[in-house]
Amino acid sequence: MGQIPPAAPGSTGPPGQWTDPPRRDAPAEPLTPTERAAVLAEPLALAEPAALAEPAVAPGGLAAGAQLCGSVLQSGRPIFEAGLALLLLVVLLRTFIAGGYMIETGSMAPCLLGYHRRVTCDSCGWQFAVDGTQGEGLATCPNCCRDGLTLEGLPLNDGDHLLVSRPAYEFSPPLRWEVIVFRNPSRPGQAYVKRLVGLPGERVHLRQGDLYVNDVIAPKPLAVQRGMRILVHDHDHSPPADEPDWQSRWEIETPGAGWDERGGRFLYAPLERQPAIGGEVEEWVGYRHWIRRGGGHRTSVRLDDWPARLPPSALVDTRLQYVGDARSLVATGALSPGLRARLAEQADDEAFTRSLASLFAASHVAPILDQYGYNYGTKSGSSHEVRDLMFAAQVALRGEPGIFAVVLDDGELTCRCEFDTAEQLVRLVDDRTGDLLRQGVLPAGLREGALVEISLWDRQALVAVAGELVFEPWLAPCGRTARGPTPWRPVRFGARRLRAEVSQVKLYRDVFYTSNLGERGSSAVEELGPDEFFVLGDNSPVSKDSRSWSEGTVLNASLLIGKPLILHLPSRRQRVQWRGWQTEIRIPEPSRIRYIR
Ligand SMILES: [Zn+2]
């Protein structure tokens, strides 16, 4: 199989050699510079092949597909056949009912990517995409918050390619939470991709990051949550334990008791024989959102006396203050290891050093914010606290009958999900009142190990095992009224009596819809007309969408293009060097090929 890379969209070089796709500073063919500038000035546009880069999905697409076949040939026949079937499907769909589109910008990131670069964090090894339209800069790892990751020399990749079904809405209208492709209401020559949140005739309102429809919070079903969720932390990609500014985010709360961690897996075996009936789960592993530096949260610890040898001026130009009346030492953001060491040395006071140590640990635990690894530099500024989290892990429950429990806390609601192997039940309980909210049969797969997903999003608690809901999601009777205090341990899991193995532990968050870009729907309720839709991008801090379109510029049904079905032919560029000669080739990424949810 030939490895000649296909022509890049906008390529001006000879076949087999990549040139960078067009950027802000480098307008390129085939669009005229004016058109190119117009498209790129809209940072969230989806490039239509006719308008932007025909080779993005036509000859280039097929060539990349051929490369995919080449790579799967080596890994076995079933995969090859699956790849071939998908390729045929793509060709058939493209020929008869669907159009191909390439995304330019990151308004739907990280679900769908525009031009981007791939960064691998040098601390935790997590690989993530960053905006490719901004040029060089420094990125921050979304998994371990290591900052200052250089983008220098990283190849620029195309955006995701979408296969869009044009006749989809002829048969049934689009549904809420679906990803849709439509013409920009103010520039119908451009195609956009966003998520549909408001339907004709509805009243739409964004409040505290959530969507309200006709004054009622709109919860997301499991499939939508899986499509939209944004990684907060993957425990399998934890930084090395000896990094001075890092501590594990999952903490065994009672060391020396039944929980143990080995190679990223949490194992529970009760140390003592516990009674078969009664008794609460008392041994927990808790999540604390440890950050390396920065932050705007305030933390205080008790300090009875200011150390005699330390002048108060030592705190000038630091984010520390001593409140004598309250006898507390207060930090804004995370206390740096350097400042802690300097002050401790200067003061030479045991009580002060102890207070500093507690403040160091406490101040590094921050609220979870709506940060995106994709956004960096001038676009990275977003700081809304996100309370809607999903816990996902592979869980196996064996040994004596007992209980495995997961608790999620959004500051106002605390839901406890109990997997009871004695009664073979799964219970959802309001942890503050003890009320039973839902009950279902314990799925049999948990003995061997199964994926457990539990979320508390949009005031809705949902429990799934092996991808299936255990019972109907439970929706709190009213929306978010008060936010309550920040939950410093928003997720915990614990066990009693049985033996539990918890691995592949991940924490995700919901999209927090911001009001920083446009007023519509956020400062006031938006009333949609009989033919009007309301759409939002998943990358809410940078997405230009219905929030920012001026009055009278509505998205009506005639502007809908179709429903994206498949993300296909994604690839990334790899720089290849040989004896001073270097080029870039396109490496297929079959793992990104998927149906759109
Ligand atoms: Zn990292």
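Which residue in strand 20 does Leu 320 stand opposite? Leu 320 stands opposite Ala 331, and the strands concerned, strand 19 (residues 320-323) and strand 20 (residues 328-332), pair in the antiparallel sense over four bridges. Strands here are DSSP runs of E with at least two residues, numbered from the N terminus, and two of them pair if DSSP finds at least two bridges between them. In the hairpin that these strands form, with four residues between the strands, Arg 327 takes a positive phi near 50 degrees.

The model is predicted, and its local features need pLDDT of at least 70, side-chain atom pairs count only at pLDDT 80 or more, and totals for chains, interfaces and linings use all residues. Residues are numbered from 1 along each chain as its sequence is written.

An open sheet is built from four strands in the order 12-11-10-32, with antiparallel pairing. Its edge strands, strand 12 (216-217) and strand 32 (526-527), each pair on one side only. Strand 10 (residues 203-207) is joined to strand 32 by two bridges, and Arg 203 stands opposite Glu 527 in strand 32.

| Strand pair | Bridges |
|---|---|
| strand 19 and strand 20 | four bridges |
| strand 10 and strand 32 | two bridges |
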